[in-house]
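Here are a few friendly notes to read alongside the model. Please have the viewer open as you go through them.

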Amino acid sequence: MSRTAERTERAERTAPPSPPVFAAYRYCEAVTGSQARNFAYGIRLLPADRRRAMSALYAFSRRIDDIGDGALEPAVKEARLAEARDLLARVRAGEVPDDATDPVAVALTDASRRFPIPLGGLDELIDGVLMDVRGRTYGTWEELREYCRCVAGAIGRLSLGVFGTAPGAPGAERAPHYADTLGLALQLTNILRDVREDAEEGRTYLPREDLAAFGCTTGLRHGTPPPGADFAGLVRFEVRRARALFAEGLKLLPLLDRRSAACVAAMAGIYHRLLTRIARDPHAVLRGRVSLPAREKAYVALRGLAGQGARRAAHRTTGRTAPGNPR
């Protein structure tokens, strides 16, 4: 692409949105700020156009997640997810006008015009939520990995469409792989953090082979391990797996421009700290949701902006591989 074409493309991408599109973005930003505080801390480091696009992606993703997590009957959920897929097809085709009544669809349509977002990732997210709706369980890590790729790895690749890679970055062709892997790391951290909440809802995401290896064959009913189970060993085993995923996924950072890298470093840094807290006290996940106070999130975000935090976490975990036999 010539420099003139690049300047024209950038001008089109950074041109202010029309008033109805701007209002749609504001709605998506409000959803993001109220529903995803960790995510919101990260994307505040981005330029305004990228921040708006990331909010649109989050708002659409949240809508899909809410269908899966709601109290509707499975058949109704499947119908709603089919409707979301149809709407996504309209977004992909550019058929949602600026004055449409659905602000999320309006914002996502505009974002997809401005950035090369691989919208098929949202189809993958719908596929992953359908796994939840249909009550799928996971016997092995490879099976769980497929689910995590749909619900989180895809989000990493979608986000990369907004971030792009730094001009001339060596190894940029590996960026989608690293973004996908980082998404897996974040999702596995979520699964560990939400063990009790999921168990109370009758869900167990951890692979059956891992549960069996640590004496949790009967699962974690009501968030309580069976007598004699090595629950702490199970959690620390999964923490090692997540750390290996972080080490691989954080190789994405040098391929991004400074502000995009800061955004990713901030989000990854928050989750890496959550993982450290869980490893320090595995039974904490049975007492309630492990979280970071707002001031610590802000500190992590500042470290991300300075190029620290998650990068150091990557250096500490480089060379560690995903665990095999837990015993």
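1. Let's start with a charge over a ring: R52 lies over the face of Y25, at 5.7 Å from the ring centre. A charge sits over a ring if NZ of Lys or CZ of Arg is within 6 Å of the ring centre and within 35 degrees of the ring normal.

2. Some ground rules: this is a predicted model, where local features need pLDDT of at least 70, side-chain atom pairs count only at pLDDT 80 or more, and totals for chains, interfaces and linings use all residues. Residues are numbered from 1 along each chain as its sequence is written, and side-chain values use heavy atoms, with hydrogens and water left out.

3. On to the aromatics. The whole structure holds 4 aromatic pairs (rings of Phe, Tyr and Trp, the last by its six-membered ring, with centres within 6.5 Å; planes under 30 degrees apart are stacked, over 60 edge-to-face, the rest tilted). Y138 and Y147 form a tilted pair, because their ring centres are 5.4 Å apart and their planes are at 40°. Y138 and Y205 are stacked, since their centres are 6.5 Å apart and their planes at 15°.

4. How buried is Y138? Its relative accessibility is 0%, and buried means under 20% relative accessible area, exposed over 50%, partly exposed in between (1.4 Å probe, protein chains only). Y147 is buried too, at 4%, and Y205 is also buried.

5. Finally, the whole protein: buried residues make up 52% of its 327 residues. The disulfide count is 0, with a disulfide being a pair of cysteine sulfur atoms within 2.5 Å.
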